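The sequence and the structure come first.

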Amino acid sequence: MMRLKRTIFYILSVILCFLLQTAVFQFLKLADVMPNILLILTVTLGLIRGKKAGIGIGFSSGLLIDIFFGDVLGQYALLYLLIGYINGCFNSLFYEDDVLLPFGLLVINTLAYSFVIFFFFFALRGRFAFFSYLKDIMIPEAVYTGLIALPLYKLLLFIDVRISDSEKRSMF
């Protein structure tokens, strides 16, 4: 029963973050970029819950992007899955009170995500304006995502702690 709560939380989180990213933040662009809410979700839950959660959330998030916006099914799913797995590896270093690790990982992941997108979607197609992309897209997106990440991280952590507490109470 308690595992069901966590599963429902994961499903609702992915759907809600997808809607926020694609509907709400489309109208809240700053410097022509918007934060990557699904990346925040993938990194945060991977860090908090470990590799399995990171893989599941990452794959689901990427698959939604593939289905609605991708040219090829699976490319974003694979990218987000890898991001979830890598951040799940940092689970052993995670402490609830520490904000620096999640924030640092989020900024690094946003830059790495943008670099992968640049490489596979621009550089391989003959567009090599990396420094322009870095200045105009990568850095502003990393900053914007970092700013949005702090309150979203706190909210996700709060909900996860509440679910964990109810799981522990139901065991006894």
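The buried residues of helix α3 are Ala53, Gly54, Ile57, Gly58, Ser61, Gly62, Leu64, Ile65 and Asp66. Here buried means under 20% relative accessible area, exposed means over 50%, and partly exposed lies in between, with a 1.4 Å probe and protein chains only. Helices are DSSP runs of H or I with at least four residues, numbered from the N terminus. The model is predicted, so local features need pLDDT of at least 70 and side-chain atom pairs count only at pLDDT 80 or more, while totals for chains, interfaces and linings use all residues. Residues are numbered from 1 along each chain as its sequence is written, and side-chain values use heavy atoms, with hydrogens and water left out.

The 19 residues of α3 should span 27 Å at 1.5 Å a residue, and the end C-alpha atoms of α3 are 26 Å apart, which agrees. The expected span is 1.5 Å times one less than the number of residues. Helix α4, residues 75–88, has 14 residues and reaches 20 Å from its first C-alpha to its last, close to the expected 20 Å.

Which residues of α4 are buried? They are Tyr76, Ala77, Leu79, Tyr80, Ile83, Gly84, Asn87 and Gly88. These residues cover an arc of only 165° around the axis, which puts them on the same side of α4. The arc is that of the directions from the helix axis to the C-beta atoms. An α-helix has 3.6 residues a turn, so residues three or four places apart point the same way. The buried residues of α4 pack against α2 (37–49), α3 (51–69) and α5 (100–121), where contact means heavy atoms within 4.5 Å.

The structure holds 11 aromatic pairs. Rings of Phe, Tyr and Trp (its six-membered ring) pair if their centres lie within 6.5 Å; planes under 30 degrees apart count as stacked, over 60 as edge-to-face and the rest as tilted. Two of the pairs are set out below.

| Pair | Centre distance | Plane angle | Type |
|---|---|---|---|
| Phe18 and Phe68 | 5.2 Å | 40° | tilted |
| Phe115 and Phe130 | 5.9 Å | 80° | edge-to-face |

Phe18 lies in helix α1 (residues 2–24) and Phe68 in helix α3, so their pair ties together parts that are 50 residues apart in sequence. Phe18 is buried at 8% relative accessible area, whereas Phe68 is exposed at 53%.

Phe115 in helix α5 and Phe130 in helix α6 (residues 130–171) are 15 residues apart, and their pair links distant parts of the chain. Phe115 is partly exposed, with a relative accessible area of 44%, and Phe130 is partly exposed as well, at 22%. Phe115 and Phe130 belong to one aromatic cluster with Phe118, Phe131 and Tyr133.

The largest pocket holds about 680 Å³ of space. A pocket is an open set of points on a 1 Å grid over the protein atoms alone, where a 1.4 Å probe fits, with protein on both sides within 12 Å along at least five of seven lines; lining residues have an atom within 4 Å of a point. Grid points are joined across faces, edges and corners, and the volume is the space filled by probe spheres set on the points. Of the 23 lining residues, the closest to the pocket centre are Met34, Tyr76, Tyr113, Ile117 and Glu141. Helices α1, α3, α4, α5 and α6 each give two or more residues to the lining, and the largest share, four residues, comes from α5.

Leu152 is found in helix α6 and is buried at 14% relative accessibility. Leu152 touches Ile37 and Ile40, not counting residues up to four places away in sequence. Leu152 and Cys17 are 135 residues apart in sequence, and their C-alpha atoms are 9.9 Å apart in space.
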